[in-house]
Amino acid sequence: MPPEVAAIQPDVLVRGGGDLATGIVWRLSRAGFRVLVTELAEPLTVRRTVSVSSAVRSGVITIEGMTARLLTSPNDHEELGRFYANDEIPVVVSEALPSNRYPVVVDARLSKRNLDTRLSDADFVVALGPGFDAGDDCDAVIETMRGHRLGRVLWSGSAFPNTGVPGEVGGQSGQRVLRAPGDGQIEWLVEIGDSVQVDQAIAMFEGRVIAAPLTGVVRGLIHPDTPIRAGLKIGDIDPRTDLFERSRSHGVSDVHLISDKALAVGGGVLEAVMTWKSGRFTRHG
């Protein structure tokens with residue numbers, strides 16, 4: 001193998017591979033950054049068709065022309081070099097921050113609180129949503145709440161606090177999100193992309209039927225092999241059936257497209273990284 005291939009190293013570490021994180025990965029990779037993604041061994045992703053975390057279970061996934069592949073040997077620099085040489089996004093299973101130091105770390109785990117992110121994690125640290133204070137926990141916070149501040153870079157202070165209520169989509173907010181009624185395992189009777197009617201049986205959970213709370217299109221379902229706990233988000237039904245029909249008429253379903261929210265957040269991360277890279281941001285203290 002040519003030595004220049006083996007020497008390729010990541011520019012940005014993104015912690016988390018869900019749908020919002022995937023918007024970040026897509027934006028950064030399109031701009032020429034080499035991205036490495038870390039994810040849990042059992043991802044809690046719901047929008048699996050547009051999440052690089054799906055590579056953990058399937059081995060590989062392609063989203064809007066971007067291919068993410070599971071990297072089984074994260075310390076194998078030659079294998080990592082092959083990923084970048086093939087223009088692929090490596091996804092590694094790791095709950096903790098890797099021992100290798102990377103120039104930029106993005107906490108995209110969306111835990112609504114700071115689990116372990118510190119300014120010392122990298123030369124430049126970005127975090128998503130509530131639970132972080134720019135200048136204290138990280139260098140920049142990206143707003144994740146829908147509205148005029150969505151995707152904005154905050155160089156001081158915090159994002160809007162978590163309301164506990166999902167953002168409104170098609171006139172629906174909390175009702176469109178499916179949450180586990182208890183601890184256990186789920187068996188889906190529908191697939192992502194299916195149209196469902198209100199009260200239609202869509203899953204079996206520990207011997208009981210789960211019905212669709214509204215009419216719409218199934219946008220996301222947690223992987224059926226994932227052990228789930230009470231209250232966990234397990235599914236998402238989008239009531240905007242007209243939009244899905246229009247997208248299908250153009251040859252691709254919206255369930256296979258990165259969302260407007262994910263792209264906005266990804267744009268904010270890209271702006272923050274480019275601001276730092278240009279030298280217009282300097283960490284103080």
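Me: What makes strand E3 and strand E4 a pair?
Reply: Four bridges join E3 (residues 60-63) and E4 (residues 66-70) in the antiparallel sense. Pairing requires that DSSP finds at least two bridges between the strands, so E3 and E4 qualify. Ile61 stands opposite Ala68 in E4. Strands here are DSSP runs of E, at least two residues long; helices are runs of H or I, at least four long; both are numbered from the N terminus.

Me: What kind of model is this, and how are residues numbered?
Reply: It is a predicted model: local features need pLDDT of at least 70, side-chain atom pairs count only at pLDDT 80 or more, and totals for chains, interfaces and linings use all residues. Numbering starts from 1 along each chain as its sequence is written, and side-chain values use heavy atoms, with hydrogens and water left out.

Me: What do E3 and E4 form, and which residue in the turn has a positive phi?
Reply: They form a hairpin, with two residues between the strands. Glu64 in the turn has a positive phi of about 50 degrees.

Me: What joins E4 to strand E5, and in which sense do they run?
Reply: Four bridges join E4 to E5 (residues 88-93), and the two run parallel. Ala68 stands opposite Ile89 in E5.

Me: Why is the unit of E4, helix H4 and E5 called right-handed?
Reply: The test looks along strands pointing away from the viewer: the path from the first strand over the helix to the second must run clockwise. E4, H4 (residues 77-85) and E5 make a right-handed β-α-β unit, so their path runs clockwise in that view.

Me: Where is Asp87, and is it buried or exposed?
Reply: Asp87 sits in the loop between H4 and E5. Its relative accessible area is 66%. Exposed means over 50%, buried under 20%, partly exposed in between, using a 1.4 Å probe and protein chains only. Asp87 is therefore exposed. Its phi is positive, about 60 degrees, although Asp87 is not a glycine. Most residues other than glycine have a negative phi.

Me: What makes Asp199 exposed?
Reply: Its relative accessible area is 60%, so Asp199 counts as exposed. Asp199 lies in the loop between E12 and strand E13 (201-205). Its phi is also positive, near 75 degrees.

Me: Why do strands E10 and E12 stand at the edges?
Reply: The order of the open sheet is E10-E16-E15-E12, with antiparallel pairing. E10 (177-179) and E12 (195-196) each have a single partner strand, so one side of each is left without a neighbour in the sheet. Two bridges join E12 to E15 (residues 216-221). Val196 has Gly216 as its bridge partner in E15.

Me: Why does Ala127 count as buried?
Reply: Ala127 has 0% relative accessibility, so it falls under the 20% limit. Ala127 lies in strand E7 (residues 124-128). It touches Asp107, Phe132, Cys138, Ala140, Val141 and Ile142, leaving aside residues up to four places away in sequence; a contact means heavy atoms within 4.5 Å. Ala127 and Ala108 are 19 residues apart in sequence, yet 6.4 Å apart C-alpha to C-alpha.

Me: How do you know that Thr275 is buried?
Reply: Its relative accessible area is 14%, so Thr275 is buried. Thr275 lies in helix H6 (residues 260-277). Its contacts beyond four places in sequence are Trp155, Arg280 and Phe281.

Me: How does the reach of helix H2 compare with the expected span?
Reply: H2 (residues 19-30) has twelve residues and reaches 16 Å from its first C-alpha to its last, close to the 16 Å expected. The expected span is 1.5 Å times one less than the number of residues. Its buried residues include Leu20, Ile24, Trp26 and Leu28. Just after H2, Gly32 takes a positive phi of about 100 degrees.

Me: What makes a set of residues a nonpolar core?
Reply: The members are buried Ala, Val, Leu, Ile, Met, Phe, Trp, Tyr and Cys residues, joined through side-chain atoms within 4.5 Å. The largest such core has 38 residues; Val14, Ile24, Leu28, Val106 and Val269 touch the most other members. A second, separate core has 22 residues, including Ile186, Ile192, Ile210 and Val218.

Me: How many helices and strands are there, and what share of residues is buried?
Reply: The protein has six helices and 16 strands. Of its 285 residues, 48% count as buried.
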